[in-house]
Amino acid sequence: LTLTILAIIYILVPLILKGFDPVFASIWVCIVITGITLLLVSGYNRKTLAAVIGTTGGVVAAGFLAQIVGGLAKLTGLGNEESQMLMYIPQNISFNYKGLLFAGILIGALGAAMDVAMSLSSAMFEIKDINPEIRKGAHIKAGMNIGRDMIATMSNTLILAYAGGALQLLILLVAYQIPFYEIINQDGYASEVVRSFAGSIGLILTIPITAMAAGFLSEKKEKHDYNRYYR
């Protein structure tokens with residue numbers, strides 16, 4: 001947790017302030033955070049590698065989805081007061097506000113993606129250890145079944161977190177009977193919808209990426225152990 005906070009404060013934020021593309025910088029920082037965190041959690045092994053591949057794939061997918069949907073929705077990235085206040089900072093930096101929005105989506109999706117990827121990878125390698133004879137196809141299918149149960153609750157975690165943070169706002173909107181189409185067409189609210197959508201889809205895509213990576217990597221491990229045993 002300490003390394004994650006330090007990476008965001010002392011690597012990501014300074015890179016953005018120096019003019020680096022927010023999406024590009026956040027992708028690399030997410031990869032670094034993922035690699036270091038999962039190595040500390042599980043050590044240097046194939047299980048960790050599968051989790052890193054799954055997390056990176058899910059987060060990058062969330063970033064691309066956010067950019068595509070954000071472009072179609074014509075988001076500006078200026079939907080909140082903090083973004084507007086960045087126009088007046090003393091450094092006189094011209095920010096890519098849409099890029100900042102997408103970078104925030106990547107960072108927001110990272111924790112849940114790591115959780116899902118590491119849990120699924122660990123479960124799949126345990127299956128392989130208990131049943132070394134399991135076929136690759138059946139192994140990946142088992143991983144997908146486990147992931148489906150996980151994602152049913154994890155995707156709700158993201159949505160409920162956003163809804164909980166905006167509960168007072170939701171009450172105000174309902175109390176004043178503001179039509180839904182007016183709400184959804186405001187930049188700030190549309191940004192939150194895109195954030196929830198992209199984060200959830202990226203999280204869902206983490207499952208098949210991790211399952212396939214764990215399936216192939218555990219197969220290679222089994223062959224390596226087999227050759228070493230008979231040698």
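This is a predicted model: local features need pLDDT of at least 70, side-chain atom pairs count only at pLDDT 80 or more; totals for chains, interfaces and linings use all residues.

Colleague: Which residues of α2 and α5 make the contact?

Modeller: Contact means heavy atoms within 4.5 Å. Pro22, Val23, Ser26, Ile27, Cys30, Ile33, Thr34, Thr37, Leu38 and Ser42 of α2 meet a set from α5 that includes Leu100, Phe102, Ala103, Leu106, Ile107 and Leu110. By class, this contact of α2 with α5 has 14 nonpolar, five polar and no charged residues (Ala, Val, Leu, Ile, Met, Phe, Trp, Tyr, Cys and Pro are nonpolar, Asp, Glu, Lys and Arg charged, and the others, Gly among them, polar).

Colleague: At what angle do the axes of α1 and α2 cross, and which residues are in contact?

Modeller: The axes of α1 and α2 cross at roughly 160° and come within 10 Å, and these two helices are therefore roughly antiparallel. From α1 the contact takes Leu3, Thr4, Ala7, Ile8, Ile11, Leu12, Leu15 and Ile16, and among its partners in α2 are Pro22, Ala25, Val29 and Ile33. The contact of α1 with α2 divides into 13 nonpolar, three polar and no charged residues.

Colleague: What are the angle and the axis distance for α3 and α5?

Modeller: Helices α3 and α5 pack at about 150°, with axes 7 Å apart. Arg46, Lys47, Ala50, Gly54, Gly63 and Gly70 are among the α3 residues in this contact, and Phe102, Leu106, Met114 and Phe125 are among those of α5. The class count for the contact of α3 with α5 is 14 nonpolar, seven polar and two charged residues.

Colleague: How many helices and strands does the chain have?

Modeller: There are nine helices and zero strands, where helices (H or I, at least four residues) and strands (E, at least two) are DSSP runs numbered from the N terminus. The C-alpha trace spans about 70 × 40 × 30 Å along its principal axes.

Colleague: Which residues line the largest cavity?

Modeller: On a 1 Å grid over the protein atoms alone, a cavity is a set of points where a 1.4 Å probe fits but cannot get out, a pocket is an open set with protein on both sides within 12 Å along at least five of seven lines, and lining residues have an atom within 4 Å of a point. The largest cavity has a volume of about 30 Å³ (the space filled by probe spheres set on points joined across faces, edges and corners), and it is lined by Ile27, Cys30, Ile31, Thr34, Thr55, Thr56, Val59, Val60 and Leu110. The elements giving two or more residues to this lining are α2 and α3, the latter covering residues 46-72.

Colleague: Which element supplies the largest share of the lining of the second largest pocket?

Modeller: The largest share, five residues, comes from α1, and both α1 (2-17) and α5 (97-130) supply at least two. This second largest pocket holds about 220 Å³ of space, and its lining, which includes Ile8, Leu12, Leu86, Phe95 and Gly104, has 10 nonpolar, one polar and no charged residues.

Notes:
Residues are numbered from 1 along each chain as its sequence is written. Side-chain values use heavy atoms; hydrogens and water are left out. Axes are lines fitted to C-alpha atoms, for helices over the stretch in contact, and angles run from 0 to 180 degrees between N-to-C directions. Angles under 35 degrees count as roughly parallel, over 145 as roughly antiparallel, 65 to 115 as roughly perpendicular and the rest as oblique.
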